[in-house]
Amino acid sequence: MTSSVPTTPDRVRRQAAEAAAKRRKRTRSATVRWRRRALLGFYLIFVILPIYWLLNLSFQSNSEILGTFSFWPRSFTLGNYVGIFTDANWYMGYVNSLAYVLMNMLISISVALPAAYAFSRFKFIGDKHLFFWLLTNLMAPPAVFLLPYFQLYYSVGLFDTHIAVALAHCLFNIPLAVWILEGFMSGVPKEVDETAYIDGYSFPAFFVKIFLPMIRSGIGVTLFFLFMFSWVELLLSRTLTATNAQPIASIMTRTSTASGIDWGTLAAAGVLTIIPGIVVVYFVRNHIAKGFALGRT
Amino acid sequence: MNKVQNNRAWFLILPMLLLVAFSAIVPLMTVVNYSVQDVFDANTRFFTGTEWFEVMLNDRALQAALLRQFAFSFTILAIEVPLGIGIALLMPKRGWQASAVLILITLPLLIPWNVVGSIWQLFTRSDIGLMGVSIRELGYAYNITRNPSDAWVTIILMDVWHWTPLIALLCYSGLRAIPDAYYQAARIDRASKWAVFRYIQLPKLTNVLVIGVLLRFMHSFMIYAEPFVLTGGGPGSSTTFLSQTLTTMAIGQRDLGPSAAFSLIYFLIILLVCWVFYTAIMNSQKDNTTQGGA
């Protein structure tokens, strides 16, 4: 009798082999998963470190910043923040920035929605040229337009108002909004429109009640981009404002004076500019993950 | 999608067109107007023809700034695009971890551009900055205000920090939009990870990558506030990019004619490069779809 004679039923042996394979696979994927986490972890540390450093310095007094090097604030102080929140010149900067960013978001989205719908649904004279022309506005470097802008807004009496900056930022925000929204809208089948018309909806009713809810995540993502680019832009907003509508980014340049740079206040003001961004990302985070590429794949 | 011919769609476009034209065409005409004149003040100006264009095209400093600009733009694209795709592939797909990573990664995007410069200044100073001090402790005399190559590397690092998230974000959402069926089919065919990436994920990412690459290229060509705050364009002119040259010329020296001519040249360069990119990517995508369909 040789040992090659099978002693167990086929099914059992097969199950055992499968279990062994599964075990091997699980241990292997565990190492892979660990490696992926480590790589991502390194990148996240790279992202966080400069921001951590800003946070760290914002809780230190100037003498401590320049005196001793330490990884955390030794004598913790909120003085820099108190300074910002008690000085109207400072905190009005945040109000100004938020004001023109919100205006810009409202204007951009309300004109971009119908335009994107037209581009995604209809052929009309000059549509392709118009679309490319729109994209060229994204390419217009603000530096090119600084001086003409200044003169244009000055001559129509809009200089140093929030609406001036909001309108100026339309230059790059509206084309971007149309570009992104068009992608989302093309992802919605046209049969939806047709069914709605058969059901007796007028165009505005269909657009607001049926179509907009369908591309909700697209609108969320678009608003995120509108906020982002308007909030971070400096050159145009600085040129078009003097005192009444001065954005925070421009006020921050005030920290460098003849007696040197006020590092603590600079750091605290920097931290405060990040917070609105965090709030916005928090609200649209699910849309970003789910929605962005919809229709653009 | 089959589109219907409908010229009334113009009415839907009209409000947008008026707004964009107000912020785009009027200033552009002013720039063209300046570029062919010698402007002394509001009432004294002379027609000079294409003289400014010749002057600008022969300006050595400008040529150097342009070369530097191209070197910078292509370097950061070469780093940020693969890195961004890699990060997007590594990011967790669901649950609280996905949200947390997403929020952390988007942070640099939402910081005003001059604040980014300030952050990196605080981070890299060799007396109070974490990175500056650490590198000095390692025994290298790191100094971005004296050493041009240190300044150059730091600015690239700063840009990678600032903008890789945009590519990662776009790719991440692009990846989320790939239906599971594709992956299942790949598993049945026992496709390798590389094959899955090359033939499923990458083609599906093309569209969002077009947005990402074009936006990145345009913005890197307009980069102004970050290097201005970090190095002020120095040491020497080693980190002076086109926007800064232009702004100094137009606002600082009020040389309206030359700076307008320069603006137009600059605009045309961006337009040309973007058009080349756009057509190239669109064509390669067309090839991909025909291959996939065959």
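Predicted model: local features only at pLDDT ≥ 70, side-chain atom pairs only at ≥ 80, totals over all residues.
Biologist: At what angle do helix α3 and helix α7 of chain B pack?

Modeller: Axes are lines fitted to C-alpha atoms, for helices over the stretch in contact, and angles run from 0 to 180 degrees between N-to-C directions. Here α3 (residues 60–90) and α7 (residues 148–176) of chain B pack at about 45°, with their axes 7 Å apart, and α3(B) and α7(B) are therefore oblique to each other. The residues of this contact between α3(B) and α7(B) divide into 20 nonpolar, three polar and three charged, where Ala, Val, Leu, Ile, Met, Phe, Trp, Tyr, Cys and Pro count as nonpolar, Asp, Glu, Lys and Arg as charged, and the others, Gly among them, as polar.

Biologist: In which hand does α3(B) pass α7(B)?

Modeller: A crossing is right-handed if the near helix is turned clockwise from the far one by less than a right angle, and left-handed if anticlockwise; α3(B) passes α7(B) in a right-handed crossing.

Biologist: Where does L89(B) lie, and what does L89(B) contact beyond its sequence neighbours?

Modeller: L89(B) lies in helix α3 of chain B. Contact means heavy atoms within 4.5 Å, and, leaving aside neighbours within four places in sequence, L89(B) is in contact with R36(A), L175(B), F197(B) and Q201(B). The C-alpha atoms of L89(B) and F197(B) are separated by 9.5 Å, although the two residues are 108 apart along the chain. With a relative accessible area of 27%, L89(B) is partly exposed, a class between buried (under 20%) and exposed (over 50%), taken with a 1.4 Å probe and protein chains only.

Biologist: How do the axes of α4 and α10 of chain A cross?

Modeller: The axes of α4 (residues 88–121) and α10 (residues 216–232) of chain A come within 9 Å and cross at roughly 140°, which makes α4(A) oblique to α10(A). This crossing of α4(A) past α10(A) is right-handed. Among the residues that meet there are Y100(A), M105(A) and L113(A) in α4(A), and L223(A), F227(A) and W231(A) in α10(A); the residues of this contact divide into 11 nonpolar, five polar and no charged.

Biologist: Is Y224(B) buried or exposed?

Modeller: At 10% relative accessibility, Y224(B) counts as buried. Y224(B) sits in the loop between α9 (193–221) and α10 (225–230) of chain B, and its contacts, apart from neighbours within four places in sequence, are L235(A), R238(A), S243(B), Q244(B) and T247(B). S243(B), Q244(B) and T247(B) are among the buried residues of α11(B), a helix (residues 242–252) that is mostly covered, with eight of its 11 residues buried. After α11(B) comes R254(B), whose phi is positive, near 55°.

Biologist: How many helices and strands are there in chain A?

Modeller: Helices (H or I, at least four residues) and strands (E, at least two) are DSSP runs, numbered from the N terminus, and chain A has 13 helices and three strands. Buried residues make up 52% of its 297 residues.

Definitions and conventions: Residues numbered from 1 in each chain as written. Chains lettered and ligands numbered in written order. Heavy atoms only, no water. Parallel < 35°, antiparallel > 145°, perpendicular 65-115°, else oblique.
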